[in-house]
Amino acid sequence: MAPSQRAPLGLIAGSGGLPLEIARSARGRARRVVAVALTGQADPALEAQVSALTWLYPGQVGRVVEVLRAAGVREVILAGKLPKLALDDPAALRPDALALALLRRLSDRHDASILSGVADHLAEHGIRLLP
């Protein structure tokens with residue numbers, strides 16, 4: 001299937017240059033990118049590199065899934081940094097009920113546990129987290 005006919009690639013963007021690099025690379029391969037940019041983290045320049053961009057707080061887990069599913073995303077990449085300190089700052093995180101439930105289910109706050117929890121949640125909604 002031609003890249004333009006494939007479902008768009010989802011991109012959940014934290015800070016740093018990696019989200020921009022991924023968006024540019026996908027665009028260079030004619031792959032549409034639907035990005036969720038984490039407020040206070042992602043580079044605003046990302047908007048010029050993607051087909052659609054929605055700014056959300058890291059804790060708006062329900063909205064992240066809604067945005068990606070509404071766009072037809074079936075695969076997503078997490079790119080960029082999100083300091084773990086944001087997980088303990090309600091003003092920066094702005095957790096919804098899904099985020100609070102996800103955090104409660106974690107056995108610890110190690111990176112691998114958090115990523116596994118996010119991957120499992122996305123998979124429950126038909127979205128595969130790419131390595």
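## Aromatic rings and a charge over a ring

The structure holds zero aromatic pairs, a pair being two rings of Phe, Tyr or Trp (its six-membered ring) whose centres lie within 6.5 Å, with planes under 30 degrees apart counted as stacked, over 60 as edge-to-face and the rest as tilted. This is a predicted model, in which local features need pLDDT of at least 70 and side-chain atom pairs count only at pLDDT 80 or more, while totals for chains, interfaces and linings use all residues. Residues are numbered from 1 along each chain as its sequence is written, and side-chain values use heavy atoms, with hydrogens and water left out.

The ring of Y57 does have a charge over it: the charged end of R94 sits 3.9 Å from the ring centre, where the criterion is that NZ of Lys or CZ of Arg is within 6 Å of the ring centre and within 35 degrees of the ring normal. R94 itself lies in the loop between α3 and α4; helices (H or I, at least four residues) and strands (E, at least two) are DSSP runs, numbered from the N terminus. With a relative accessible area of 44%, R94 is partly exposed, on a scale where buried means under 20%, exposed over 50% and partly exposed in between (1.4 Å probe, protein chains only).

Most residues other than glycine have a negative phi. R94, although it is not a glycine, has a positive phi of about 50 degrees, and A30, also not a glycine, has a positive phi of about 60 degrees. A30 is placed in the loop between α1 and β2, just after α1, and at 45% relative accessibility A30 counts as partly exposed.

In α1, the residues P19, L20, I22, A23 and A26 are buried. They cover an arc of only 165 degrees around the axis, which puts them on the same side of α1, the arc being that of the directions from the helix axis to the C-beta atoms. E21 and G28, on the other side of α1, are exposed. The buried residues of α1 pack against β1, β2 and β4, with contact taken as heavy atoms within 4.5 Å.

The largest nonpolar core has 16 residues, of which L11, A35, L46, V50, L53 and I77 touch the most other members; such a core is a set of buried Ala, Val, Leu, Ile, Met, Phe, Trp, Tyr and Cys residues joined through side-chain atoms within 4.5 Å. Two or more residues of this core come from each of β1 (9-13), α1 (18-28), β2 and β4 (75-79), and the largest share, four residues, comes from α1. Not counting residues up to four places away in sequence, A35 touches L11, L46, V50, A52, L53 and T54. A second, separate core of 13 residues includes V34, L38, V64 and I127.

I12 lies in strand β1 and is buried, with a relative accessible area of 8%. Although I12 and L78 are 66 residues apart in sequence, they are 4.9 Å apart in space, C-alpha to C-alpha. Leaving aside neighbours within four places in sequence, the contacts of I12 are V36, L38, V64, L68, V76, I77, L78 and A79.

Q49 is found in the loop between β2 (33-38) and β3 (52-56), and at 15% relative accessibility Q49 counts as buried. With its neighbours within four places in sequence left aside, Q49 is in contact with L20, A23, R24 and R27.

## Helix α4 and its surroundings

At the start of α4, a side-chain oxygen of D96 reaches to within 3.2 Å of the backbone nitrogen of L98. In this helix (residues 97-105), A99, L102 and L103 are buried. Seen down the axis of α4, the buried residues fall within an arc of 95 degrees, so they line one face of the helix, whereas A97, R104 and R105 are exposed on the other side. The buried residues of α4 pack against α2 (61-70), α3 (90-93) and α5 (111-124).

H121 has its place in helix α5 and is buried, with a relative accessible area of 7%. Apart from neighbours within four places in sequence, H121 is in contact with V61, V65, L98 and L102.

Methods
Polar contact = N/O pair within 3.5 Å; in protein donor to acceptor, adjacent residues only side chain to side chain.
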